[in-house]
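Visitor: Could you walk me through a structure, and tell me what the words you use really mean?
Guide: Gladly! Let's look at it together.

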Amino acid sequence: MWTDKQRGIRVSQEELLCKNACGYYGNPAWQGFCSKCWRERARPTGATRQDTRPNGDGTPPTFSKFEEKKNIEKGSRINTVKRLFWGSPSPPKPQESSESHIKVLKPYQSLEPGDFTGFLKILRSPSSQRLQSRCTAFVNTMEAYHALSVQKQSDLVQDFYQSFSEYFNSFPEAQVIQIMEHVEKLIMTRLHKWVFCHDSCDDEQKDLALQRRIRSLNWVTPQMLSVPFPDEKTSVTCDPFLPAITAIIEMDAKRAPQDKLGCVSKCSQHVFEALSTSNSEPANADDFLSGLVYVVLKANPPRLHSNMQYVIRFGLPHSLMAGESGYYFTNLSCAVAFIEKLDGRALDLSPEEFEGYMQGQRAPTALNKRQQVTNDTQHLLEELKDRQDRLDQGVDAFNVQLQQWVQEVNSQLDEAKTQFAVVQKEMKAPAKLSEVASPSPQDTSQQGGDERQLVLKDQPEDPRDTDC
């Protein structure tokens with residue numbers, strides 16, 4: 001996959017495709033085949049599985065014996081799935097009329113892309129009771145038979161996807177894919193705890209081995225991988241690949257395979273953005289794969305092998321074989337395979353230099369510079385922390401002094417109010433005494449009127465009444 005003459009990672013578009021020349025993306029986990037070709041090769045002889053993909057010329061096979069064997073195998077597989085659903089080889093299945101079938105499918109036609117909540121509401125409606133019962137029965141059966149091998153569980157889940165999608169054959173392909181993504185999320189969210197990192201496989205041991213391998217390569221720099229990285233212009237806290245590192249780490253927190261693929265796509269998009277900001281030229285496929293290797297080395301994502309195997313085993317086939325998510329996931333698989341086989345030749349190092357780096361006896365110059373910057377930054381942060389502590393102590397002391405000052409001001413105000421009340425009372429007392437001692441003009445005028453009345457009363461009323 002990678003050439004020996006050029007430094008870094010070089011991979012062509014043809015090398016990402018399936019070895020069977022079917023046009024879909026291959027994967028190192030499937031020895032370069034796509035998921036369907038790999039499953040066909042993994043099945044024992046005589047257990048031919050129906051291939052729903054068209055041939056290169058667009059015509060189906062015309063061999064009668066092959067068609068007969070295929071129909072027999074398909075009927076046997078359907079009976080097996082029915083036994084899982086209903087517990088008997090011949091469950092009661094009433095014939096569904098075309099009108100009722102159209103009535104069931106009608107709400108799904110108006111379903112918006114990515115509206116998982118809306119899908120659940122439609123599935124729980126009375127018209128979709130049969131589809132909901134199929135999903136519930138399958139989940140309950142898988143939980144009851146969780147001790148099956150992980151490969152058998154994967155086959156059952158893939159068969160369920162195929163049989164469930166046949167119910168929507170009248171829909172356009174894009175709409176069927178959208179509905180099946182909701183079905184996958186519904187089913188695998190419930191089954192995650194039973195099938196992820198299953199006891200029947202060695203995923204946990206491979207996770208630990210891959211983590212140790214990535215940890216031992218923490219000295220690899222972007223320059224060694226030919227990743228465009230502005231080392232002199234970019235500080236430690238502004239790594240352009242930091243959003244991609246965060247996105248790939250978040251993959252372990254997701255449960256549905258499509259959500260994990262969403263984290264891979266988000267990480268890959270951030271890698272392209274970082275490459276575009278770090279380099280004046282547009283990023284190509286080689287730069288992208290090198291950047292993705294650098295992100296995986298710096299992130300060391302938890303349970304990376306188990307997450308990738310989980311997506312491979314229980315994800316929808318179209319998500320891995322074609323489209324943007326399939327391309328990104330194939331590149332991630334290539335990046336992990338490159339890390340597992342990484343040697344000095346891929347990094348333009350001699351075997352002695354590579355071994356010295358692996359044993360910690362050597363350190364890259366760029367790594368030393370960045371380590372020095374990291375140490376300086378750490379020392380500066382410690383000084384800032386001390387200054388912040390001293391500032392906090394000063395603020396606390398100032399708050400105590402401020403509270404004491406407020407208390408003193410309040411006590412002085414209370415004392416001033418008391419003194420003011422006493423003075424005001426003393427000033428009002430002489431005024432009251434003067435009012436009592438000196439009568440008012442009204443009272444004086446009233447007394448004069450009384451005296452005049454007395455004088456008039458002593459005088460006779462008419463001069464003629466006198467003796468004179």
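**What the words mean here**

Visitor: Which residues of helix α16 are buried?
Guide: In α16 (residues 351-358), Phe354, Gly356 and Tyr357 are the buried ones. The axis view shows why they are said to line one face: these buried residues fall within an arc of 160 degrees, the arc being taken over directions from the helix axis to the C-beta atoms. Pro351 and Glu352, on the other side of α16, are exposed. Buried means under 20% relative accessible area, exposed over 50% and partly exposed in between, using a 1.4 Å probe and protein chains only.

Visitor: What should I know about the model itself?
Guide: It is predicted, so local features need pLDDT of at least 70 and side-chain atom pairs count only at pLDDT 80 or more, while totals for chains, interfaces and linings use all residues. Residues are numbered from 1 along each chain as its sequence is written, and side-chain values use heavy atoms, without hydrogens and water.

Visitor: How many helices and strands does the protein chain have?
Guide: There are 18 helices and zero strands. These are DSSP runs numbered from the N terminus: helices are H or I with at least four residues, and strands are E with at least two.

Visitor: Is histidine 270 buried or exposed, and how do you know?
Guide: Its relative accessible area is 19%, which falls under the 20% limit, so histidine 270 is buried. This histidine has its place in helix α11 (residues 257-278). Leaving out residues up to four places away in sequence, histidine 270 touches Pro243, Ala244 and Ala247, where contact means heavy atoms within 4.5 Å.

Visitor: Why is serine 226 called partly exposed?
Guide: Serine 226 has a relative accessible area of 27%, which lies between the 20% and 50% limits, so the label is partly exposed. Serine 226 sits in the loop between α9 (203-216) and α10 (242-249). Although serine 226 is not a glycine, its phi is positive, at about 60 degrees.

Visitor: What makes α13 mostly covered?
Guide: The count does: 11 of the 11 residues in α13 are buried, including His305, Gln309 and Arg313. Helix α13 (residues 304-314) packs with helix α15 (residues 323-340) at about 145 degrees, their axes 12 Å apart. Leu304, Met308, Val311 and Ile312 of α13 make the contact with Phe329, Leu332, Ser333 and Val336 of α15. Seven of the contact residues are nonpolar, one is polar and none is charged.

Conventions
Axes are lines fitted to C-alpha atoms, for helices over the stretch in contact, and angles run from 0 to 180 degrees between N-to-C directions. Ala, Val, Leu, Ile, Met, Phe, Trp, Tyr, Cys and Pro count as nonpolar, Asp, Glu, Lys and Arg as charged, and the others, Gly among them, as polar.
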